[in-house]
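The following explanation is intended to be read alongside the sequence and the coordinates.

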Amino acid sequence: SEIILSVQDLHVSFKTFGGEVQALRGVSFDLFKGETLAIVGESGCGKSVTANTIMGLLPQPAARIHKGKVQFKERDLTRLSKSEMRQVQGVDISMIFQDPMTALNPTIKIGEQLTEGLRTHKKISKTEAKKKAIELLNFVGIPNPEERMKQYPHQFSGGMRQRIVIAIALICEPELLIADEPTTALDVTIQAQILELFEEIQERTGVSIILITHDLGVVAKIADRIAVMYAGKVIEIGEKREVFYSPQHPYTKGLLSSVPRLDLKEEELQPIEGTPPDLFAPPVGCPFTARCPFAMEVCERVYPATTSLSITHQVDCWLQDERAKKLFGAYV
Ligand code: SF4
Ligand code: MG
């Protein structure tokens, strides 16, 4: 099927008081039309940075894109000016964040917040915009939309607010929706409803979705493909059944063997013994070496090449690479 977004060898760093953090160290993946790609990994692995890079939301001047491309249709988004990027944001690509309150303006009625994008980008009449907003609120499950358009964000529950944020994200009919932990701030029953809504949205609009999450339950439910990130790299990618039922990277195996616990926050989720490497001075070899029960001498010295296990399933691990033995002698 058709590729709508292609991220190629993306390198992004951040200047901090402590030095320069190498947040993305060569991230590549394609996104197909109409699919949901889940990006998973522990806090700090680079999943949100990837999303923010695509969306043109990296903090300036701290962040720098050293290398790589974000090809969206005919354009490399990393090369667009701020004003060109504003024509893309919310129109071609929309983003949904974890906390709906940060996305909504507390002092503006939600009807106005809903129609604002339409009025500025699509230049349609007020009546048309209102009609569309009501339709969309109805679709995302807000009862009495016409009345509720006149209300402010604080007059809605957390789950309802996230539905409104989703409606705002959809109003200009984007081709790509990026959702960064969209259900993390919500309670479990609301989470399930919002996930169902994502499925309905995709069925109805054919939008492509990048879903960023640390919650493997979410992934199991709605992803078509899964990209696993670790220390600023995609270390395994494949169709859901491949990554979920036949994971090949030791890190992915570790992630999956730890039962997701709903009472833990992302920061606390520590499924695998040890911590990820320091990205101020990232290791030259496989970044999982220090935590990997299968680590070999070569792992520490050289980053593994990407091995294709099928047309759709790729992994960066020396265990899958025939050359490990030949080039570096016996496993240790
Ligand atoms: Fe473990 Fe080596 Fe594979 Fe890295 S490359 S995951 S250290 S076996
Ligand atoms: Mg994050």
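This is a predicted model: local features need pLDDT of at least 70, side-chain atom pairs count only at pLDDT 80 or more; totals for chains, interfaces and linings use all residues.

Residues are numbered from 1 along each chain as its sequence is written, and chains are lettered from A and ligands numbered from 1 in the order in which they are written.

The protein chain contains 13 helices and twelve strands; these are DSSP runs numbered from the N terminus, helices being H or I of at least four residues and strands E of at least two. Its radius of gyration is 21 Å, close to the 20 Å that the globule rule gives for 332 residues, so the chain is as compact as a globular protein of that length. The radius is taken over C-alpha atoms, and the rule is 2.2 Å times the number of residues to the power 0.38. Along the principal axes, the C-alpha atoms fill a box of roughly 70 × 45 × 40 Å.

Of the 332 residues, 40% count as buried, meaning that 20 or more other C-beta atoms, placed from the backbone, lie within 10 Å of the residue's own. Helix α1 (residues 47-55) has seven of its nine residues buried, so it is largely enclosed by the rest of the structure. Those buried residues are K47, V49, T50, A51, T53, I54 and M55. After α1 comes G56, with a positive phi near 70 degrees.

Note on methods
A residue is buried if 20 or more other C-beta atoms lie within 10 Å of its own, exposed if 12 or fewer, and partly exposed in between; C-beta atoms are placed from the backbone.
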